[in-house]
Amino acid sequence: MYTSPTMTTPAASAQAGTNIAPIEPPEKMQAFDRVIDADGRIEPQDWMPQAYRKTLVRQISQHAHSEIVGMLPEGNWISRAPSLKRKAILLAKVQDEAGHGLYLYSAAETLGVSRDSMLDALHTGRAKYSSIFNYPTLTWADVGVIGWLVDGAAIMNQTPLCRCSYGPYARAMIRVCKEESFHQRQGYESLLVMMKEGTQAQQDMVQDAVNRWWWKCLAMFGPPDSESPNSEQGMRWGIKRISNDDLRQRFVDATIPQAAVLGVSVPDEDLKWNEERGHYDFGPIDWDEFWATVNGNGPCNKERLATRVQAWRDGQWVRDAAMASAQKKREREQAA
Amino acid sequence: MTQKTESAPPLSEWPLWEIFVRSRQGLEHKHCGSLHASDAEHALQMARDVYTRRQEGVSIWVIPSRSITASSPDDKGELFDPANDKVYRHPTFYTIPDEVGHM
């Protein structure tokens, strides 16, 4: 699934990322800049400025956390899927999200941060994950809308990351993007079935889900470029390739025709095609609501984190038992 | 490839393994990522679930990350540059008359 590009508050991000060069050895910094300027790739053992490493650890681990927490809203519906077919599909999708989390944790670990420390940061609330998962999945239509819109936004955001300057992150993203297409298509198709063959109540349910998720999805691309101080440094370093506002515009342009095929509308009175720009114009996003959710006051923040921590605790005996078993096996082999 | 971390990982953490997958018979095993597992057998099971959910492989190798010895990026010049001036190692170094045809 997905992580917002900048999930620190504007004030916090304004402190990070700027004026880092003077503290680094100039010769190494120049060599690093040359690689970046030539659109080259940085690999784990290469020298890199501390701020580059720090930015990547934050972004990749947040991204990994988002994949893992992202399993929860949809996981709620596995036991309530309307058919065996939809249940199998949803199981496969949620398993994919776990896999995406694992690819990304591994990529972050190549930067010298341990898996346990990342998980600890998540479980103690120090690390952020995508705010989109702090909203509830009220009906079965939400599962379809998450696939279509949330994963659709994720694809829009993640595709440029396949060309990220940090090799392990780019390689993880290539793997993720290959699998993400199934996620979006299964969601869209499940909505299509309800819209084309369903009852009025089912169609209303789809429209209601679109109404609730639309603006949250637009906010997923992060703050406007004018208020996103981290973005510039990210662009410079080849960690970010396309700006928040440009990605958001692409998403709107791609999605509106899909909504028309589906037969749903989006809840935006200002939405209209702008012939001159060749893009859709759309209304303002409620950033206060977005930041309230980022800062822990969304409808499900506490529930998601509590579920995640509980799952980690419940799994402790499994991790311990596996280690004990491996140890026993080693001892037996040594004795033989 | 995963660099060793500076500080020792906590004991609770499963060791790290590098995963290599052969995508089909006739091709080599290729590095595809890493994962944590308690032992080799466990690593194989995990690798199957993490890296071959869509028939991406027919064979998996798992290797403890700590067993890998890697060349250092600082030695890049010393190790690889000497090959740069040995152009005679490439077929294009030699001019052969056209009438010889493909060689």
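Modeller: This is a predicted model. Its largest pocket has a lining of 28 residues, and A:Ile68, A:Leu102, A:Arg308, A:Trp312 and B:Met46 lie nearest the centre.

Biologist: How much space lies in the largest pocket?

Modeller: About 970 Å³.

Biologist: Which element gives the most to that lining?

Modeller: Helix α5(A) does, with five residues. Elements that each supply at least two residues include α3 (50–69), α13 (301–314) and α14 (316–335) of chain A, as well as β2 (29–36) and α1 (40–51) of chain B.

Biologist: And how does the lining divide by class?

Modeller: There are 15 nonpolar, six polar and seven charged residues.

Biologist: What about the second largest pocket: what is its volume, please?

Modeller: Its volume is about 690 Å³. The lining consists of 25 residues, with A:Arg175, B:His31, B:Cys32, B:Gly33 and B:Tyr51 nearest the centre.

Biologist: Which helix gives the most there?

Modeller: Helix α8(A), with seven residues. By class, this second lining has ten nonpolar, seven polar and eight charged residues.

Biologist: Turning to helix packing, how do α8 and α11 of chain A cross?

Modeller: The axes of α8 (residues 167–197) and α11 (residues 244–262) of chain A come within 9 Å and cross at roughly 35°. On α8(A), the contact is made by A:Gln184, A:Tyr188, A:Leu191, A:Leu192, A:Met195 and A:Lys196; on α11(A), by A:Gln258, A:Val261 and A:Leu262.

Biologist: What classes of residue make up that contact?

Modeller: Six are nonpolar, two polar and one charged.

Technical notes: Residues are numbered from 1 along each chain as its sequence is written. Chains are lettered from A and ligands numbered from 1 in the order in which they are written. This is a predicted model: local features need pLDDT of at least 70, side-chain atom pairs count only at pLDDT 80 or more; totals for chains, interfaces and linings use all residues. Side-chain values use heavy atoms; hydrogens and water are left out. Axes are lines fitted to C-alpha atoms, for helices over the stretch in contact, and angles run from 0 to 180 degrees between N-to-C directions. Helices (H or I, at least four residues) and strands (E, at least two) are DSSP runs, numbered from the N terminus. Contact means heavy atoms within 4.5 Å. Ala, Val, Leu, Ile, Met, Phe, Trp, Tyr, Cys and Pro count as nonpolar, Asp, Glu, Lys and Arg as charged, and the others, Gly among them, as polar. On a 1 Å grid over the protein atoms alone, a cavity is a set of points where a 1.4 Å probe fits but cannot get out, and a pocket is an open set with protein on both sides within 12 Å along at least five of seven lines; lining residues have an atom within 4 Å of a point. Grid points are joined across faces, edges and corners, and a volume is the space filled by probe spheres set on the points.
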